[in-house]
Amino acid sequence: MRSIKQALNEQEIVVGLTIQHICTPWVAKLYADAGADGIKLQLFIADVLCSTQHPGLPDLRKIELSSEEWKEVLLYAKQFSPALLADVFDEQSADLAEEYVDAYSIHASDLGNPFLLKHVAQKGKPMLLYVG
């Protein structure tokens with residue numbers, strides 16, 4: 001199996017499933033079956049991502065997956081994808097993904113979050129930083 005570094009150096013296709021997609025095992029398999037060399041999933045915990053006063057919090061809660069649902073998605077995606085990445089927005093999501101992912105990505109909105117950056121960096125896996 002190729003490493004994430006090899007896949008990225010070879011400019012292969014990594015499909016990013018955002019929170020707008022319904023992340024189920026079959027969606028991850030669909031992209032892997034379509035020939036994606038990697039899958040990037042956005043993991044988040046709604047109550048950590050937003051303030052309780054944020055008007056979008058109820059909508060995020062509706063699409064949020066439980067830890068058990070994420071484990072099922074991550075395990076399934078790992079079976080069908082040569083490289084699995086997690087776009088994490090909080091430390092708990094990074095911890096949940098650790099066992100399954102080859103690399104992490106950090107959203108541009110969290111580049112100023114030294115606690116998350118340090119937490120993810122300490123895991124010793126490649127970390128992609130988004131700037132836009």
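These notebook entries record what I looked up in a predicted model of one protein chain.

**Entry 1: ground rules.** I noted that residues are numbered from 1 along each chain as its sequence is written, and that side-chain values use heavy atoms, with hydrogens and water left out. Because the model is predicted, local features need pLDDT of at least 70 and side-chain atom pairs count only at pLDDT 80 or more, while totals for chains, interfaces and linings use all residues.

**Entry 2: the elements.** I found seven helices and five strands in the chain. They are DSSP runs numbered from the N terminus (helices: H or I, at least four residues; strands: E, at least two). From the N terminus, I read the order as α-β-α-β-α-α-α-β-α-β-α-β.

**Entry 3: burial.** I recorded that 40% of the 132 residues are buried (under 20% relative accessible area; exposed is over 50%, partly exposed in between; 1.4 Å probe, protein chains only).

**Entry 4: strand β2.** I asked how many of the six residues of β2 (residues 38-43) are buried. The count is six of six, so the strand is largely enclosed by the rest of the structure. On one side I listed Gly 38, Lys 40 and Gln 42, and on the other Ile 39, Leu 41 and Leu 43. I then saw that β2 pairs with β3 (residues 83-88) in the parallel sense over six bridges; pairing requires at least two DSSP bridges between two strands. Leu 84 of β3 is the bridge partner of Ile 39.

**Entry 5: salt bridges.** I noted six salt bridges in the structure (a side-chain nitrogen of Lys or Arg within 4 Å of a carboxyl oxygen of Asp or Glu). Side chains of opposite charge can pair when their charged atoms come close. One of the bridges joins Arg 61 and Asp 47 at 2.6 Å, N to O. Arg 61 lies in helix α4 (residues 57-63) and Asp 47 in helix α3 (residues 46-49), 14 residues apart.

**Entry 6: a network.** Which residues are linked with Lys 123 in a network of salt bridges? I found Asp 95 and Glu 98. The closest N and O atoms are 2.8 Å apart for Lys 123 and Asp 95. Lys 123 sits in the loop between α7 (114-121) and β5, and Asp 95 in helix α6 (residues 91-97), so this pair ties together parts 28 residues apart in sequence. For Glu 98 and Lys 123, I noted 3.0 Å between the closest N and O atoms. Lys 123 counts as buried at 17% relative accessibility, whereas Asp 95 is partly exposed at 38% and Glu 98 is partly exposed at 32%.
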